Amino acid sequence: MIQRLQTLFLILALIANGLMFSFEFWSASAANDSDRVVEQLSLGLTHLSYETTLQDKRAASETHVYLIGLHGLASLLGLGAIFLYTNRTFQLRVSRLAMLLETGLLVLLLFYTDGATKDYFSNSVSNSSYQLGIFLPIVSILCFFMANLFIIRDEQKVRSAERLR
């Protein structure tokens, strides 16, 4: 099970999924010189935090259950795909579904960062950047893709060996 390359890629995808909880995906800040107001916004997998300083000193934080649920489902499917090594066709389907969910998570995050900029900042954003966490879903998608390739190759080897019998 562990010696197969698709298992190693699935484990790498799970590691990337686990690291998504540690890193932020995006952050932005804006400063208004006339009012001396500084606004900061950061987006992680589990939170969206918004802070305004010097004027009304408000801070807000939101939890996005749907992002966590989508990410958790993709992680569980990836974990389940590791143990489906005896049924390669079902393993391939589960891995493809996990890759599709990770792609959906990445698209939602990109749309959400764009919407958060428009919702929270009335003036122009002076500093907006994607952080390390936005690349982790891409790494996970690539690992699922590579695992799918090796699952297909493994299935082709088994079918060609059965023909020789």
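Trainee: How far apart are the end C-alpha atoms of H2, and what should its 18 residues span?
Mentor: Both come to 26 Å: at 1.5 Å a residue, the 18 residues of H2 should span 26 Å, which agrees with the distance between its end C-alpha atoms. The expected span is 1.5 Å times one less than the number of residues. Helices (H or I, at least four residues) and strands (E, at least two) are DSSP runs, numbered from the N terminus.

Trainee: Where do these coordinates come from, and what counts?
Mentor: This is a predicted model, where local features need pLDDT of at least 70 and side-chain atom pairs count only at pLDDT 80 or more, while totals for chains, interfaces and linings use all residues. Residues are numbered from 1 along each chain as its sequence is written, and side-chain values use heavy atoms, with hydrogens and water left out.

Trainee: Back to H2, which residues are buried there?
Mentor: Leu67, Leu70, His71, Ala74, Ser75, Leu77, Gly78, Ala81 and Ile82. They sit on the same side of H2, because they cover an arc of only 160° around the axis. The arc is taken from the directions from the helix axis to the C-beta atoms. Buried means under 20% relative accessible area, exposed over 50%, and partly exposed in between (1.4 Å probe, protein chains only).

Trainee: And what's exposed on the other side of H2?
Mentor: Val65 and Leu76.

Trainee: Zooming out, how many helices and strands are there?
Mentor: The protein has 4 helices and 5 strands, in the order α-β-β-β-β-α-α-β-α from the N terminus. Of its 165 residues, 38% are buried.

Trainee: Which residues have the most contacts inside the largest nonpolar core?
Mentor: Phe25, Trp26, Leu105 and Leu109, in a core of 29 residues. A core here is a set of buried Ala, Val, Leu, Ile, Met, Phe, Trp, Tyr and Cys residues joined through side-chain atoms within 4.5 Å. Two or more residues come from each of H1, strand S1 (24-32), strand S2 (37-44), helix H2 (65-82), helix H3 (88-120) and H4. H3 gives the most, with 8 residues.

Trainee: What does Phe25 touch, beyond its neighbours within four places in sequence?
Mentor: Its contacts include Met20, Leu43, Leu109, Tyr130, Ile134 and Pro137. Contact means heavy atoms within 4.5 Å.

Trainee: Switching to H1, which residues are buried?
Mentor: Gln6, Thr7, Leu10, Ala13, Ala16 and Asn17. Gln6 counts as buried because it has 4% relative accessibility.

Trainee: What does the side chain of Gln6 make a polar contact with?
Mentor: The side chain of Asp154, at 3.3 Å. A polar contact is a pair of N or O atoms within 3.5 Å; within protein, one must be able to donate a hydrogen and the other to accept it, and residues adjacent in sequence count only if both atoms are side-chain atoms. Not counting residues up to four places away in sequence, Gln6 also touches Gln91, Ala147, Phe150 and Ile151.

Trainee: And how far is Ile138 from Ala16, C-alpha to C-alpha?
Mentor: They are separated by 9.1 Å, though 122 residues apart along the chain. Ile138 lies in helix H4 (residues 136-164) and counts as partly exposed because its relative accessibility is 35%.
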